[in-house]
Amino acid sequence: MSFILRGLLSGGRAVYPARTPCLLYSSVTPDVRERTLIAVKPDGVQRRLVGEIIKRFERRGFKLVGMKMLQASEAVLGKHYHDLQRKPFYPALIRYMASGPVVAMVWEGHNVVRSSRLMVGETDSSQAKPGTVRGDLSVHISRNIIHASDSVEVAKKEIGLWFHSAELINWETSDHSDLYQV
């Protein structure tokens, strides 16, 4: 039986031991600097899903180190989607991404790139599993709410494209153990 439950059942108040790590931060390992770009696309912003998406990443234990809302320029979008230039849908993709505000974010944590891709789900929302962002919130492959970097190398390039280094904040998470000392 846990010390908290024991204390409550015995009529006392919960007593927290000193230096107990907070489980909410268990996936963020000190000294881990893997980062990824997550961008809420215009349909996600217009449908007011930014908070829901942030909540999912925070609950997963990742640390938000950069965020901004912007109207993406065609120059930035052209560089971002450079590998899709020869695809027939490319012009429509650029028009769509420039059609409204985007919320670009940089998240940090252990294995954040791979984990984020799993959280986001398949590009085609009809193939995305329930519980993923696209599986729960997306309505069509061309309006799939969110972008997530697909590798650590790509993440570095994308973060550099969307953010200046001064816009990213290095900060330490707290386990709040000082609150639990008796």
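Helices here are DSSP runs of H or I with at least four residues, strands are runs of E with at least two, and both are numbered from the N terminus. Read that way, this predicted model has eight helices and four strands. Taken from the N terminus, the order of elements is α-β-α-α-β-α-α-β-α-α-β-α.

Some totals come before the details. The protein has 182 residues, and 41% of them are buried. Its accessible surface is about 10,900 Å², with 55% of that area belonging to carbon and sulfur atoms. Of the contacts between residues at least 6 apart in sequence, 79% join residues at least 24 apart.

The four strands form an open sheet in the order S2-S3-S1-S4, paired antiparallel. Strand S2 (63-70) and strand S4 are the edges, each pairing on one side only. From one strand to the next, the twist averages 15 degrees.

His147 deserves a separate look. UniProt, in an unreviewed entry, places the feature "active site" at this residue, His147. The residue His147 is found in strand S4, which spans residues 146-148. Is His147 buried or exposed? The cut-off for buried is under 20% relative accessible area, and His147 counts as buried because its relative accessibility is 12%. Apart from neighbours within four places in sequence, His147 is in contact with Leu37, Ile38, Ala39, Lys41, His80, Arg134 and Glu158.

An α-helix has 3.6 residues a turn, so residues three or four places apart point the same way. In helix H6 (residues 112-120), the buried residues are Val112, Val113, Ser115, Ser116, Met119 and Val120. These residues cover an arc of only 165 degrees around the axis, which puts them on the same side of H6. Arg114 and Leu118, on the other side of H6, are exposed. What covers the buried residues of H6? The cover includes S1, S3 and S4 from the sheet, together with helices H3, H7 (133-137) and H8. Just after H6 comes Gly121, which takes a positive phi of about 90 degrees.

Helix H5 (residues 90-97) has Tyr90, Leu93, Ile94, Tyr96 and Met97 as its buried residues. They lie on the same side of H5, because the arc they cover around the axis is only 165 degrees. The cover over the buried residues of H5 includes helix H2 (42-46), helix H4 (74-80) and strand S3 (102-108).

Conventions:
Residues are numbered from 1 along each chain as its sequence is written. This is a predicted model: local features need pLDDT of at least 70, side-chain atom pairs count only at pLDDT 80 or more; totals for chains, interfaces and linings use all residues. Side-chain values use heavy atoms; hydrogens and water are left out. Buried means under 20% relative accessible area, exposed over 50%, partly exposed in between (1.4 Å probe, protein chains only). The arc is that of the directions from the helix axis to the C-beta atoms. Contact means heavy atoms within 4.5 Å. UniProt positions are given in the numbering used here, feature names are shortened, and annotations may be inferred rather than shown by experiment. Accessible areas come from the Shrake-Rupley method with a 1.4 Å probe; for residues, only the protein chains shown count as cover. Two strands pair if DSSP finds at least two bridges between them. Axes are lines fitted to C-alpha atoms, for helices over the stretch in contact, and angles run from 0 to 180 degrees between N-to-C directions.
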